[in-house]
Amino acid sequence: MAEHLSQSELDYPFKLLEYFNGFRISKAIFSACELGVFDLLLQSQKPMSAVEVAQKLGTSEDGIERLLDVLVAIEIVDVEVVQGTAFYSSTDVANLYLAKTSPKSLHDLIIYNSQTIYPLWNNLVDAVREGKNQNEKTFGLPSEEIFSAIYRSEEEMLKFMGLMNSTWVIDGHDIVTAFDLSSFKTVIDLGGCSGALARELAKEYPSSTVTVLDLPAVVQTAQRHFAQQDDTICFQEGDFFEGEIPPADLYILARIIHDWKEDKNLKLLKKIHTACHPGGGVLIAEALLFENRRGPTMVQMFSLNMLVQTEGKEHPPSHYTRMLTDAGFRDVQVCQTGKSYDAILALK
């Protein structure tokens, strides 16, 4: 480590202390979302004191003041002190990404991280020792049935679908525009969950027919809770691992491969290759590791999260190229978007 730290860091561990406190910052943001702080500040016509916020949210005055001050320190909330009283107001970033009502809200993603991912990470030491997910220890569910844990109740299913919806609302456009997909007229998003990524593709390529294929319970929940009035996408119930995959020009696998072990993924890709129309292809959306194993940090953290929650892991581009080639695909192209998720296109 010393080779990569400045002399000042060796004199006093500022960066390490910042890392140590990272979980506290995350939990402060999570808690503010769960309490409704950002929604209240957005809706308020004027800055609010801690006393006013506490009265509206039903919290202690001291507790909410301390939480608000942390949010000010990390520049998510603004403050102005008038005659000794602090008045808090929202920022553009909080209004756009943290309030429930924003079209780009990450609220559902935050709730999922707080209530599902955070408890799993409490058992990270055991996950590293055992080399398997911690669903049994955390939720009392078999580690082999990862989606039984993720979909263990309608409430949990909604949380997960909200997470996926939030993800593609902010990252979906970059994925569907990473390559020119206009030549693919029939598209199936396998495991497309709420339909958020499929909607982004349908908006960008209006002449294409886009279908989300997912488990019956997921499709029904998506239609009840995530349908939009101007929807042009279709939903189809099915199990792409166990059932048939309908023929199409393009298949999307977005955040699917990283859930599973390689043998299961290779079997799925071969199945897709068989179903795919000649000249068609598969579009994979995943977070890509650097080939030299030096990052990106966020993707390495994603991979560690796959250990505590699933059977899979994140991979560098070479892994996907090899696996797609082994499945029969050709002309593998990789587009690193510079954001959370990258795109890989391979043709039949």
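Start by selecting Lys 203, which is exposed at a relative accessible area of 57%. Here exposed means over 50% relative accessible area, buried under 20%, and partly exposed in between (1.4 Å probe, protein chains only). Before you go on, note that this is a predicted model: local features need pLDDT of at least 70, side-chain atom pairs count only at pLDDT 80 or more, and totals for chains, interfaces and linings use all residues. Residues are numbered from 1 along each chain as its sequence is written, and side-chain values use heavy atoms, with hydrogens and water left out.

**Stop 1: the partner of Lys 203.** Lys 203 makes a salt bridge with Glu 200, with 3.9 Å between the closest N and O atoms. (A salt bridge is a side-chain nitrogen of Lys or Arg within 4 Å of a carboxyl oxygen of Asp or Glu.) The two residues sit three apart in helix H13, so about one helical turn separates them. Helices (H or I, at least four residues) and strands (E, at least two) are DSSP runs, numbered from the N terminus. Is Glu 200 buried or exposed? Glu 200 is buried, at 15%.

**Stop 2: Arg 199 and Asp 231.** Now pick Arg 199, whose salt bridge to Asp 231 has its closest N and O atoms 2.6 Å apart. Arg 199 is in helix H13 and Asp 231 is in the loop between H14 and strand S6 (234-237), so this pair ties together parts 32 residues apart in sequence. Arg 199 counts as buried at 6% relative accessibility, while Asp 231 counts as partly exposed at 26%.

**Stop 3: H12 against H13.** Show both helices, H12 (154-176) and H13 (196-204). How do their axes run? They come within 8 Å and cross at roughly 35°; axes are lines fitted to C-alpha atoms, for helices over the stretch in contact, and angles run from 0 to 180 degrees between N-to-C directions. From H12, select Asn 165, Trp 168, Gly 172, His 173, Ile 175 and Val 176; from H13, they meet Ala 196, Leu 197, Arg 199, Glu 200, Leu 201 and Glu 204. Contact here means heavy atoms within 4.5 Å.

**Stop 4: Trp 168 and the core.** Stay on Trp 168. Leaving out residues up to four places away in sequence, Trp 168 touches His 173, Ile 175, Ala 196, Leu 197, Glu 200, Ala 254, Arg 255, Ala 285 and Tyr 341. Trp 168 is also one of the residues with the most contacts inside the largest nonpolar core, which has 43 residues. Others to select from that group include Phe 160, Leu 181 and Leu 283. A nonpolar core is a set of buried Ala, Val, Leu, Ile, Met, Phe, Trp, Tyr and Cys residues joined through side-chain atoms within 4.5 Å. Elements giving two or more residues to this core include helix H8 (107-121), strand S8 (276-286) and strand S10 (342-347). H12 provides the largest share, eight residues. Apart from this core lies another of 29 residues, among them Leu 269, Ala 275, Leu 288 and Tyr 320.

**Stop 5: Lys 159.** Go back to helix H12 and pick Lys 159. Lys 159 counts as buried, at 14% relative accessibility. With residues up to four places away in sequence set aside, Lys 159 touches Asp 108, Tyr 112, Gln 115 and Thr 116.

Select Glu 156 and Arg 152, a salt bridge with the closest N and O atoms 3.2 Å apart. Glu 156 is buried at 8%, and Arg 152 is partly exposed at 29%. Finish on Asp 126, Arg 129, Glu 130 and Lys 137, linked in a salt-bridge network. The structure holds 16 salt bridges.
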